[in-house]
Amino acid sequence: MIAVKSDHPISPEEYLERERHSPIKHEYLDGDVYAMAGTSKAHNLISLNLALLLRTGLKSSPCQTFIADIKVNIANQKYYFYPDLVVTCDEQDDLNAYAVTSPKVLIEVLSESTESFDRGKKFQYYRTIPSLQDYILVSSQEYVVEIFHRMEGDRWMLETFQGLGAIARIASLDLNVPLAEIYATLDLTTVENPAS
């Protein structure tokens, strides 16, 4: 995710204008702009599998699934992030816009370089979004999916699903997602148990 920070603060409007013409993606944190690093093949395949599962599972609903290139606008343009996947069910999220303002589900596929930010500060910012119901972290190193679900009183409950036989439950979308399908075509056993 974050690789190189900008030299000087810029306005949200300047960020959005630059981003429309930039060959690489950047995230925006209250005036600072950060270039995003590329992803691994495992990360990419997991994202693709999730997008297909969500699109199929939500085809009869008003919800829309977006992958990788759609920003999430937080705190009225104070922050812009590119989650790996975002699901919005809000008709106010204009399909022609460049950013989602009312996500219901945000998914980040973890990598070694982004995991601490995705678990920490980024989740802290995401929790301020009133519409967000589920924040999902998907490991690219082992067969593990963690779902943080918003409960009454703005508390968050964590459920962890581990192993290819597990089925992750995305409560806000009323979907059951088998880990075997999230990790389809991937063999992470060499990552989980590297040879000595």
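Which side chains meet in a salt bridge at 3.6 Å, N to O? Asp-118 and Lys-122 do. The views below start with this pair. The model is predicted: local features need pLDDT of at least 70, side-chain atom pairs count only at pLDDT 80 or more, and totals for chains, interfaces and linings use all residues. Residues are numbered from 1 along each chain as its sequence is written, and side-chain values use heavy atoms, with hydrogens and water left out.

**View 1. Asp-118 and Lys-122 form a buried salt bridge.** A salt bridge is a side-chain nitrogen of Lys or Arg within 4 Å of a carboxyl oxygen of Asp or Glu. Buried means under 20% relative accessible area, exposed means over 50%, and partly exposed lies in between (1.4 Å probe, protein chains only). Asp-118 has a relative accessible area of 1%. For Lys-122 the value is 0%. Both residues belong to a network of salt bridges that also links Glu-27 and Glu-108. A search of the whole structure finds 11 salt bridges.

**View 2. Lys-78 and Asp-30 join two loops.** Their side chains meet in a salt bridge at 4.0 Å, N to O. Lys-78 lies in the loop between β5 and β6 (79-81), and Asp-30 in the loop between β2 (26-29) and β3 (32-36), so the pair ties together parts that are 48 residues apart in sequence. Strands are DSSP runs (E, at least two residues), numbered from the N terminus. Lys-78 is partly exposed at 35% relative accessible area. Asp-30 is partly exposed too, at 47%.

**View 3. Arg-169 forms a salt bridge with Asp-174.** The closest N and O atoms are 2.4 Å apart. Arg-169 counts as partly exposed, at 30% relative accessibility. Asp-174 is exposed, with a relative accessible area of 56%.

**View 4. Ala-68 has a positive phi.** Most residues other than glycine have a negative phi. Ala-68 is not a glycine, yet its phi is about 60°. Where does Ala-68 sit? Its place is in the loop between β4 (64-67) and β5 (71-74). Ala-68 is partly exposed, with a relative accessible area of 25%.

**View 5. Asp-154 also has a positive phi.** The angle is about 60°, although Asp-154 is not a glycine. Asp-154 is found in the loop between β11 (144-151) and β12 (155-162). Is Asp-154 buried or partly exposed? Asp-154 is partly exposed, with a relative accessible area of 49%.

Notes: Helices (H or I, at least four residues) and strands (E, at least two) are DSSP runs, numbered from the N terminus.
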